[in-house]
Each structure stands twice: as structure tokens, then as C-alpha cells.
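The sequence and model come first.

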Amino acid sequence: MLLLNSGRVEASWITRGLVNRLKVTTLPGQGCLSWTPDNGPRLWPGVTMLSGVCVILVLTLGQAVLGEEAGYRSYKLVKVDAPSELKLRAIVSGRDWVDVFSSEGVSLTAMVPPRHLAELIRVVKSQGGKITVLHEDMQKVADEEYRERMRHRRRRAVTTKEQDLLTYLDLDKQYAFQDKILSGSSNAHMVKERIGRSSEDRDINLIRISADASGQKKRTIFIDAGIHAREWIAPATANYILYQLAYNASSAGLLRDFNWEIVPVLNPDGYRYSHVSSRYWRKNRQGNTGSQCIGTDLNRNFGYPQHMPSAGGSSNPCSDIYSGPSKLSAPESRALKNYLDSHNDTIVAYLSLHSFGRYILYPWGYSLTATPSDAAELERVAQVANKAMSDDYITGSSSKALYVAAGGSDDYAKGGAKIDYSYTIELPPGMSSRYNFAPPTSSIPGYTSEAWNGVQALARELAKVTAIAAPTTTKITTTTTTTQKPIPVQSPYYWLYQWLKDQGVILGK
């Protein structure tokens, strides 16, 4: 219980491992007026007026004012081992309350509400599997993350770009970082562009990085992060890649070969919500007709080749993997789809950053049996990136290496937008880590630099095997062009091939 005297005060409490703030003003004859960042000013029934004093009753077990749930108190992080992948799928099928964090072969880690633990144990045993509780209380993990973030904020009220790379930024600080990164580089030209608006009308921003301001049409590598709100290491990695491209002089070759387009937070509403209300929130924050449950899993919403909730998604709006009522029903999905479609003449690679589990995945995710015609080439380039990182990432099509999941952005990028090289990178830590989506801040530099090593290696490999149409200029010329398969780099004529390609005489990928 907090007793707030007459006048205006501000109180803070922790629920779901996050800070919540409340300003209370006593209004004679009316009661207690409260104000919160989310709800604005209102007469609040949770604050009681007793003899001119506002009384707040703060419930125990993480349940606090504003009617918040009890967070993740006593939610379990479990590891499930099954005799086969078929039996593993049977264990989770139809159980939307099993929140799968990561999967590998016949094993997965998941968060389970305490009221369903006994049922899951029974189902796992009936399938001949084994279940291990890795962590007894996921709220404690969230609380630990919160305390670490608060210590970092107290140390640095105002931060530099470099300091921002060492922590997990909330949405406001993400937007601020995007503005900071635009100025001060002598190595690159950068432009910020809004490619769409979220369901709650927030900006979905793209940062374009190029060698100069000429606007030359050039091969482009597109990267997005934060499609799943809780995967904080992904936007942190996107920020690091942005910084390295813009401020590291050794990136000059990468900027000579490519333009880069990066969306650090594709799901701004969900990302913010994971910081201010529900730490393990995954979806966007779009309302669902006929349901009180909020949100669509954006990475089940792209609908390539069609809307398939039964293939690794869900038709239940309350599920964390809800595919939406129809394909591209979420504004965030449509924004990305529209951008890829309108720029697929220059985008030669699409990379989507996720966590966690150490994977480099490529299409198809929608089917165990369908295989891209160029799967061998996708695997070859994935192995190049893997070797530049820790060389312990699992590579393969997402349905075979991870699990079937229709509606992913990587499937759409390749099949819908016709971008040849399309990958999802699942960032560290490993599957059994208790830190899951946000490793300790002390781990951020190691994980982000490892990912950067892989992205550089992938880009250098793609520089050898991709091409686009000739750069557009204002000078009118008559040029005879041919389409030519790439000459192997070991050929004595490779230098001539590369020069002709740069001049726009040779076209084709």
C-alpha cells in the first residue's frame, strides 16, 4: 500500500520486470486523478480517497495497479526432448499456451504457464519424450533484465551512438539512435525514410546507407529486425551493422559494391509493449475483430504461397503465433511487402534478424517437401556466412532445420518479391540459455560483432555472383548489352567481366 498525500506525486513500481509510473493528483470532491504514459489522465478507481489521502493498493505476486496481470510469475522455461520430430509436433499441436522459444531437431525450449505444466508433462510422457524445467520463474529473469537496464540508464542519462550499441534501447531511444546515426559520418551517405505506419500509427523507419549522395542505382542488401517484439538482440544487431557501415572506414568496399537498406524495428508497437508492459510479447498490437486478444504474429502473416495458419501458425487470435484473419492483414507486413515489391529490381539479398538459437535459414518455411530450385546455392552462401561467424550455426531450409512455419517474410521475399538470396538469421544465445531473447548486456558486443562478420562475408560473396541493370544516368547513350552468366573469380578474364558489369554492358544475375 502506498499513501499519497494531497497534491501531485509520482510513484513507481515493478511488474513484469518493467518500471511503471503513476502520477496522482487529489481533486477535492472528485477523488484521485491518475496519469500514466499509456492511458493519460483519468479518474482512477484503483486509487481510493480516504480523508484527503490517495491510497493505492498494490497487489502481491507481480500484480499491480492498472489491472496488470501477474506478469510471468512461476511461468516455467522447459526443454522438451521427443523421440522424433513427428512426436515433437504432436506435443505442441493444438496447445497455443506452449510458447516455443527455440527448436532444434527433436528438441525445443518453451515457456509454459504454471496452470498447464502438469498437462504438458502428461503429454510429453505419452509421446515417449522427456521434459526438463530449465527455469522455475521467468518473471525473475525479466526482473533481472529490468534491473540491469536501470543500472545502465542511471549511469548514462545522455548517451553517444557508441554507448547506445552496448545496451537494449527502448523504442524512443531506438528512434533517437536512428537520428543520431544520420550525422557525423565522413564514410557514407545516409537517409531515413518512413516505409509505413504501424497499427498504432508509429513510424516504420528505414535507413539507407550508400557510398555517396549520387543516388546511383546499385545492388542493394536489405535487412530488417524486430519483427518479433521480444527479440531485443535483433534490433541491437541491426544498429551495430548500421554503425559499422556508416562509421568504419573498412566498410568502404561494402559500400562500393552495394547500397544497404536497414529497418531496425519492423514492429514498433510490439517492441514498445515488450519494454513497458509484457516482456515476452511477440506479436504486433493490432486489434482482432470478435476477440479481446490483441496482435498478429507478423512472421506468419505474409501468406506465401497462400494464407496457411495450419502450417506452423494458428487461427486463434489469443495464440502467440496467430497468423491473422488473412494474408497481409497487418499494416507492418504490408509495409514490408510493398517496399520489397517496389524495389526488387535492385535488392539482391534479404536478411531478417531474429533470435534465438544460432541458425542461418532460407526458404521454404511453409512446407517440409517443397525445395527452392537454387537450394544448393543458398546453402553454399549460408556456409560462407557461418564460417565467418562461430562456425556452429545450423544452416538449411527453415522447415527442415527448424520447423514448418508458413507466412514468413523470407518466404515472401524469395517467392513473392523474387529476391534470389533470402535468409533468416537466428542470433545467439543457444537453445538452452536462460537469457533467451535478450542476453546480458555484457554479451551484446560479442554477439553483434559475430553477426556483422557473417553479414560482411555474405555480402562479399554476393558481390561475386549478383548484378542488376545498368545505373541510370542523365546522359543519353546507345549501348549494346548482353546477358552473361558470371565468370568464375579464378578466371584470368574475371577482371574484364567485372569492369564490363560495372559499366552496365553486361546485365543479369
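## Salt bridges

The count comes to 27 salt bridges, a salt bridge being a side-chain nitrogen of Lys or Arg within 4 Å of a carboxyl oxygen of Asp or Glu. The model is predicted, so local features need pLDDT of at least 70 and side-chain atom pairs count only at pLDDT 80 or more, while totals for chains, interfaces and linings use all residues. Residues are numbered from 1 along each chain as its sequence is written, and side-chain values use heavy atoms, with hydrogens and water left out.

| Pair | N to O distance |
|---|---|
| K76 and E136 | 3.0 Å |
| E261 and R208 | 2.9 Å |
| R300 and D297 | 4.0 Å |

Helices and strands here are DSSP runs numbered from the N terminus (helices: H or I, at least four residues; strands: E, at least two). K76 is buried, with a relative accessible area of 12%; buried means under 20% relative accessible area, exposed over 50%, and partly exposed in between, with a 1.4 Å probe and protein chains only.

The salt bridge of E261 and R208 also links distant parts of the chain, with E261 in strand 15 (residues 259–263) and R208 in strand 13 (residues 203–210), 53 residues apart. E261 is buried at 5% relative accessibility, whereas R208 is partly exposed at 21%.

Elsewhere, a network of salt bridges links R194, R197, D201 and D203.

## Aromatic pairs

The structure holds 15 aromatic pairs. Rings of Phe, Tyr and Trp (its six-membered ring) pair if their centres lie within 6.5 Å, and planes under 30 degrees apart count as stacked, over 60 as edge-to-face and the rest as tilted.

Y168 and W232 form a tilted pair, 6.0 Å centre to centre with 50° between the planes. Y168 lies in the loop between helix 4 (161–164) and helix 5 (171–180), and W232 in the loop between strand 14 (220–225) and helix 6 (233–247), so this pair ties together parts 64 residues apart in sequence. Both Y168 and W232 are buried.

The ring centres of Y362 and Y423 are 6.3 Å apart and their planes stand at 90°, so this pair is edge-to-face. With Y362 in strand 17 (residues 359–362) and Y423 in strand 19 (residues 421–427), the pair ties together parts that are 61 residues apart in sequence. Both Y362 and Y423 are buried. Ring pairs also join Y72, Y75, F101, Y280 and F356 into a cluster.

## Helix 9

Helix 9 (residues 331–342) has twelve residues, which at 1.5 Å a residue should span 16 Å, and its end C-alpha atoms are 16 Å apart, which agrees. The expected span is 1.5 Å times one less than the number of residues. The buried residues of helix 9 are P331, E332, S333, A335, L336, Y339 and L340.
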